Amino acid sequence: MGWFKRLFGSKQEDSETALSNRSESVAANSASSEWEPIPAYIDADPADYELVSVIATAIAAGDQPNSEFVVKNIYQRNPEAKTVSLIAASLAAGTHEDSQFVVKSISKKRN
């Protein structure tokens, strides 16, 4: 019966729920605007591009010398994100020794 009500229900109920959902998302956006995401990877140093490209294409080519590869982007781990994730995982592992942790995102508070 619930899906009949959703299918044939009045549009006024839909607009009321849409307004409440919109107000919740606005509140969430204003709270999240205080935080700046820290990227897990940053652009690599341009001086390293040639060496990294040669090594990556040599590994990818393997036994196929006639193949071509184009390296478009080269990234390296963000040292700040790496340090923060190691500290957070270490603190969490202190209370749960036999666990594994994955840090999905890191943000810092804007000044």
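Colleague: Which element of the chain has the lowest mean pLDDT, and which has the highest?

Modeller: Helix α2 (residues 11–32) has the lowest mean, 56, while strand β3 (residues 75–77) has the highest, 94. pLDDT is the predictor's confidence in each residue, from 0 to 100. Over the chain it averages 79, and 71% of the residues score at least 70. Where pLDDT is low, the predicted coordinates should not be read in detail.

Colleague: What ground rules should I know?

Modeller: This is a predicted model: local features need pLDDT of at least 70, side-chain atom pairs count only at pLDDT 80 or more, and totals for chains, interfaces and linings use all residues. Residues are numbered from 1 along each chain as its sequence is written, and side-chain values use heavy atoms, with hydrogens and water left out.

Colleague: How many helices and strands are there, and what makes a stretch count as one?

Modeller: Four helices and four strands.

Colleague: Why is N78 called buried?

Modeller: The relative accessibility of N78 is 8%. Buried means under 20% relative accessible area, exposed means over 50%, and partly exposed is in between (1.4 Å probe, protein chains only). N78 comes in under the buried limit, so the label holds. You'll find N78 in the loop between β3 and α4.

Colleague: What does N78 touch, leaving aside its neighbours within four places in sequence?

Modeller: It is in contact (heavy atoms within 4.5 Å) with I38, P39, A40, Y41 and I42.

Colleague: How do you know whether S85 is buried or exposed?

Modeller: S85, in helix α4, has 15% relative accessibility, so S85 counts as buried. Leaving aside neighbours within four places in sequence, S85 is in contact with R77, V103 and I106. In the whole chain, 7% of the 111 residues count as buried.

Colleague: And why is V102 called exposed?

Modeller: V102 has a relative accessible area of 70%, which is over the limit for exposed. V102 sits in the loop between α4 (79–95) and β4 (106–109). V102 and A88 are 14 residues apart in sequence and 9.8 Å apart in space, C-alpha to C-alpha.

Colleague: What about K72: buried or exposed?

Modeller: Exposed, with a relative accessible area of 75%. K72 is in the loop between α3 and β3.

Colleague: What makes E34 and K109 a salt bridge?

Modeller: The closest N and O atoms of E34 and K109 are 3.7 Å apart. A salt bridge is a side-chain nitrogen of Lys or Arg within 4 Å of a carboxyl oxygen of Asp or Glu, so this pair passes. The two residues come from distant parts of the chain, 75 residues apart: E34 in the loop between α2 and β1 (35–38), K109 in strand β4. E34 is partly exposed, at 39% relative accessible area. By this rule, the count comes to one salt bridge.

Colleague: Which residues form a nonpolar patch on the surface, and what is the rule for patches?

Modeller: L51, I55 and I59 form it, with about 330 Å² of accessible area together. Areas come from the Shrake-Rupley method with a 1.4 Å probe, and for residues only the protein chains shown count as cover. Patch residues have over 30% relative accessible area and no salt bridge; like charges are joined within 9 Å, nonpolar side chains (Val, Leu, Ile, Met, Phe, Trp, Tyr) within 5 Å. L51, at 57%, is exposed and belongs to helix α3 (residues 49–61).
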